[in-house]
Amino acid sequence: MEFRVLKYFLMVAREENITKAAALLHLTQPTLSRQLMQLEEELGVKLFHRSKHSMILTEDGMLLKRRAQEIVSLSEKTVQELSRKEDVLSGGIAIGCGEAKSMGFLSEQIRKFQQDHPLVQFNIHSAIADDIKDRIEKGILDIGLLMEPVDVGKYEFIHMPQKETWGILVRKDSELAVKEGIKPKDLVGVPLIMVKRELVKNELASWFGDDYEGIQIAATYNLILNAAAMVKRGVGIALCFDLGVAFYEDLCFVPLAPTLETGSVLVWKKNQMLGAAAAQFMQFLKNAL
């Protein structure tokens with residue numbers, strides 16, 4: 001299975017049309033079709049449902065797409081790490097991040113680091129902790145910004161200085177929008193949009209106490225922008241972090257009462273040699289903290 005052919009496959013999967021994909025790859029359509037058929041023969045599976053005007057991935061095709069994306073990302077990351085000029089720090093640093101105010105502090109450190117090392121490129125992947133940890137294990141990410149509670153037994157880590165405050169995200173016309181703080185009983189029987197991670201759900205369950213049995217979960221989310229869209233359309237009220245007023249356009253954030261706060265950590269794999277750029281950035285962060 002050639003790396004070049006995997007990139008061809010990904011282009012067709014993205015465009016869902018072999019004619020468009022061939023044009024973007026600067027190949028003839030018959031050449032691209034032949035490469036894909038040879039790939040299917042090599043793997044012994046059908047990768048696409050073919051019709052006159054479209055190419056739609058099969059289940060096997062979707063699995064290969066995920067794996068091919070990981071392979072291509074890892075290859076590009078390796079090239080960045082090795083393609084550095086002598087005595088000049090360059091290359092890429094791949095960081096997985098949850099959605100939190102701590103990203104503001106991390107962004108400021110990235111800005112300062114790039115003032116001294118302008119050839120270093122930062123590649124940011126937004127996801128929940130489980131996905132970030134999986135990508136660190138596979139070598140796709142160097143560093144992860146994770147929200148607690150999280151198991152850091154396999155990682156080196158440093159605590160971030162800022163705490164994340166929990167609250168609810170509601171429409172401005174909600175009767176809860178005028179409250180100074182939200183108590184557990186305020187949310188009993190109200191459709192809630194809940195975070196997806198089980199460890200975080202357990203933390204929220206502890207805050208609710210006995211009232212947890214009375215809550216109604218209408219939906220779950222892993223990215224707050226999607227949750228905010230559901231709040232705007234009246235699906236429910238989202239339990240989330242306070243990311244700042246500007247972030248929640250046309251919505252209100254109301255903190256929980258009693259206050260519930262969460263820490264965050266930067267992690268990287270134990271006993272794994274980071275690339276030169278990532279290693280220097282981690283040392284820079286340790287000094288800043």
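**Figure 1. Strand 3 and strand 5 side by side.** Strand 3 (residues 91-97) runs parallel to strand 5 (residues 143-147), and three bridges join the pair. G96 has G144 of strand 5 as its bridge partner. As with every view here, the model shown is predicted.

Figure 2. M55 belongs to strand 2, which covers residues 55-57. Is M55 buried or exposed? M55 counts as buried because its relative accessible area is 6%, and the cut-off for buried is under 20%. Beyond its neighbours within four places in sequence, M55 is in contact with V12, E16, N17, I18, L36, F48, H49 and R50. K138 lies 83 residues from M55 along the chain, and the C-alpha atoms of M55 and K138 are separated by 29 Å.

**Figure 3. Two residues with positive phi.** E16 sits in the loop between helix 1 (3-15) and helix 2 (18-25). Although E16 is not a glycine, its phi is positive, near 55°. The relative accessibility of E16 is 40%, so E16 counts as partly exposed. E16 is also one of the residues in contact with M55. H26 is found in the loop that lies between helix 2 and helix 3 (29-43). H26 is not a glycine either, and its phi is positive at about 60°. With a relative accessible area of 73%, H26 is exposed.

**Figure 4. Two cis peptide bonds.** Which residues does the cis bond with omega near 0° join? This bond runs from E148 to P149. P149 is in the loop between strand 5 and strand 6. Another cis peptide bond joins A257 and P258, with omega about 10°. P258 is placed in the loop between strand 11 (251-255) and strand 12 (261-262).

**Figure 5. The whole protein, for orientation.** The protein contains nine helices and 13 strands. Its C-alpha atoms fill a box of roughly 65 × 55 × 35 Å along the principal axes. The protein has 289 residues, and 45% of them count as buried. Of the contacts between residues at least 6 apart in sequence, 71% join residues at least 24 apart. There are 35 positive and 38 negative side chains, and the centres of these two sets lie 4 Å apart.

Conventions: Residues numbered from 1 in each chain as written. Predicted model: local features only at pLDDT ≥ 70, side-chain atom pairs only at ≥ 80, totals over all residues. Heavy atoms only, no water. Pairing = 2+ DSSP bridges. Helix = DSSP H or I, 4+ residues; strand = E, 2+ residues; numbered from the N terminus. Buried < 20%, exposed > 50% of the residue type's maximum accessible area, 1.4 Å probe, protein only. Contact = heavy atoms within 4.5 Å. Lys, Arg positive; Asp, Glu negative; His and termini not counted. Charge placed at Lys NZ, Arg CZ, Asp CG, Glu CD.
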